[in-house]
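Here are my notes on this model, as numbered points. Please read them with the structure open.

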Amino acid sequence: MPFAQPPTTPLSRALFRAPIWIYRLGLGGALGGRFVLLTHRGRTTGEARQAVLEVVGRNDTTGAVLIASGYGRRSQWFRNIVAEPRVLFQVGGRRHRGTATVLSPQESGEALAHYAQRHPEAAVALMRGLGHEVDGGPESFARVGSDPENGIPVVRLSPDDPPRSPYPDFSAP
């Protein structure tokens with residue numbers, strides 16, 4: 001199965017990294033809740049690194065978001081968060097310190113299948129662009145996510161500071 005390659009030319013890398021500059025200019029809110037700016041530590045240098053990734057799932061109660069590693073386990077950001085799971089992340093205008101946790105292959109498959117049900121056209125285009133054959137059904141996305149060797153792992157970003165209720169004196173029923 002052929003896989004898409006990360007950008008290699010200076011121009012393609014610059015275009016690929018353009019969303020980072022949107023966040024750096026303070027315009028992350030314009031991207032809404034569909035993207036996350038992930039700041040992580042380089043596993044070799046220890047320097048801060050950044051990537052903008054699509055949110056494939058969210059839990060508004062805990063503030064956690066799910067992101068997928070489109071280039072699999074070989075993505076630099078993925079390899080970095082495995083080595084050092086303490087991260088910073090920003091969704092829209094809200095920044096968090098938190099922890100990155102790689103989901104199990106089964107959980108990754110379920111997350112991708114759920115994402116495909118909510119955003120079918122985007123999911124099919126994304127998977128095919130990354131070199132994965134999918135037929136549009138949730139089973140094919142679950143298969144891609146649950147493949148531990150060549151699949152797309154999903155990562156949960158959990159904030160240290162979960163969202164506060166707008167009504168702090170009341171608890172949910």
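1. The largest pocket has 35 lining residues. Nearest its centre lie F16, V52, L53, Y71 and W77. The elements that give two or more residues to this lining are α1 (10-16), α2 (18-24), β1 (35-41), β2 (48-59), α3 (76-83) and α5 (120-129). Bear in mind that this is a predicted model.

2. Which element gives the most to that lining? β2 does, with 8 residues.

3. The volume of the largest pocket is about 1100 Å³. Its lining counts 19 nonpolar, 10 polar and 6 charged residues.

4. The second largest pocket has a volume of about 150 Å³. Its lining is made of R58, N59, D60, G63, A64, V65, F89, V91, R94, H96 and P163. By class, that gives 5 nonpolar, 3 polar and 3 charged residues.

5. Helix α4 (residues 105-118) passes a simple length check. With 14 residues at 1.5 Å a residue, α4 should span 20 Å, and its end C-alpha atoms are 20 Å apart, so the two agree.

6. Which residues of α4 are buried? They are S108, G109, A111, L112, A113, Y115 and A116. Their cover includes the strands β2, β3 and β6 (154-159). The helices α5 and α6 (138-146) are also among the elements that cover them.

Conventions:
Residues are numbered from 1 along each chain as its sequence is written. This is a predicted model: local features need pLDDT of at least 70, side-chain atom pairs count only at pLDDT 80 or more; totals for chains, interfaces and linings use all residues. Side-chain values use heavy atoms; hydrogens and water are left out. On a 1 Å grid over the protein atoms alone, a cavity is a set of points where a 1.4 Å probe fits but cannot get out, and a pocket is an open set with protein on both sides within 12 Å along at least five of seven lines; lining residues have an atom within 4 Å of a point. Grid points are joined across faces, edges and corners, and a volume is the space filled by probe spheres set on the points. Helices (H or I, at least four residues) and strands (E, at least two) are DSSP runs, numbered from the N terminus. Ala, Val, Leu, Ile, Met, Phe, Trp, Tyr, Cys and Pro count as nonpolar, Asp, Glu, Lys and Arg as charged, and the others, Gly among them, as polar. The expected span of a helix is 1.5 Å times one less than its number of residues. Buried means under 20% relative accessible area, exposed over 50%, partly exposed in between (1.4 Å probe, protein chains only). Contact means heavy atoms within 4.5 Å.
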